[in-house]
Amino acid sequence: MATRGDVEKGGVKKEAGKVPSPLYPQHEGEREWVPWIVPVFFVANITVFVVTMYVNNCPAHTTARDGKCIGRFLGRFAFQPLRQNPLLGPSSATLTKLGALVWQKVVHEHQGWRLLSSMWLHAGVVHLVANMMSLLFIGMRLEQQFGYVRIGAVYLLSGVGGSVLSSLFIRNHISVGASGALFGLLGAMLSELLTNWTIYSNKVAAVLTLLFVVAVNLVLGILPHVNNFAHIGGFLTGFLLGFVVLMRPHFGWMERYGMPAGSACTSRKYLLYQWILMAIALLLLVIGFAVGMAMLFRGSNANDSCSWCHYLSCVPTARWTCTN
């Protein structure tokens, strides 16, 4: 007779190397989560932008010499003149006041919190809409599959990773936006495909499509006034984190309940290459953050060690020039 403990575990005694026959067959690890952390991030970003525009108060802080505020009917929520901010948003002074990433303040005024706060600020409506559409499109799918803890961690740590790399290369401009965190989600999607290779069909097409999307966005990042270092730092952080936190059981383990009871099956939930990738990624992640933080708070300029790296964020052409 089955004991109460047997019933709670499926009412059967499992044999090593054999497919069990549970009372409630299901694919282990295939729980579908109800997304809530991504919608929270979405609302938080919009709320912070509204607060930013309220604090900005263009009509009160902009003189006639600076130009006319855009959308004056919005009152204190009106946008800065286009020649100051073509993205329909606040002034750089307001962004700096509310937590934009500024190398001088992070390093010499010990305001390390800006590494995190800058990812919640946006330069304008255009910037905000583009990022929030990407957040919903990418983040909702990932949270449904992996839950709020893992996706929330990837988003936040990738945002910080993007801020760290940005601060190491860019000293004379402020930086804001969730782009680093969003590129981290893209990086995590790519590493998740690679580490969970056995459970996907059309995997090559999926990887190539994702690589194309990432490449296009990184190429757009070499335009002036776009902080591509935040994109690259966020992508690398998310890519490494994906190997660590998004590992799933391999195909043989996932499909064992689809086989006749008593059939031989694998007892390994994860494959060796998955553990190796996770260990390497975790090591690189810890080393990367440790070295990056140490260089940043020592005031190191990464451009001194890489004379060509500035081209990763802006390439001069006949139509525009790039300042350091």
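Predicted model: local features only at pLDDT ≥ 70, side-chain atom pairs only at ≥ 80, totals over all residues.

Colleague: Which parts does the link of Cys 58 and Cys 69 tie together?
Modeller: Cys 58 sits in helix α3, residues 58–61. Cys 69 sits in the loop that runs between α3 and α4. The pair therefore ties together parts eleven residues apart in sequence: helix α3 and the α3–α4 loop.

Colleague: Is the link of Cys 58 and Cys 69 left-handed or right-handed?
Modeller: Look at the angle about the S-S bond. It is -90 degrees for Cys 58 and Cys 69. That link is left-handed.

Colleague: How many disulfides does the structure hold?
Modeller: Cys 58 and Cys 69 form one. Cys 306 and Cys 309 are also joined, S to S 1.8 Å. The total is two.

Colleague: Are Cys 306 and Cys 309 buried or exposed?
Modeller: The cut-off for buried is under 20% relative accessible area. Cys 306 and Cys 309 are both buried.

Colleague: Now the helices. Are α9 and α10 roughly parallel or roughly antiparallel?
Modeller: Helix α9 spans residues 179–195 and helix α10 spans 203–220. They pack at about 155 degrees, axes 10 Å apart. Angles over 145 count as roughly antiparallel. So α9 and α10 are roughly antiparallel.

Colleague: How many charged residues are in the contact of α9 with α10?
Modeller: The α9 side includes Phe 183 and Met 189. The α10 side includes Val 207 and Asn 217. By class, the contact has twelve nonpolar residues, one polar and, for charged, none.

Terms used. Residues numbered from 1 in each chain as written. Heavy atoms only, no water. Disulfide = S-S within 2.5 Å. Helix = DSSP H or I, 4+ residues; strand = E, 2+ residues; numbered from the N terminus. Buried < 20%, exposed > 50% of the residue type's maximum accessible area, 1.4 Å probe, protein only. Axes fitted to C-alpha atoms, helices over the stretch in contact; angles between N-to-C directions. Parallel < 35°, antiparallel > 145°, perpendicular 65-115°, else oblique. Contact = heavy atoms within 4.5 Å. Nonpolar A, V, L, I, M, F, W, Y, C, P; charged D, E, K, R; others polar.
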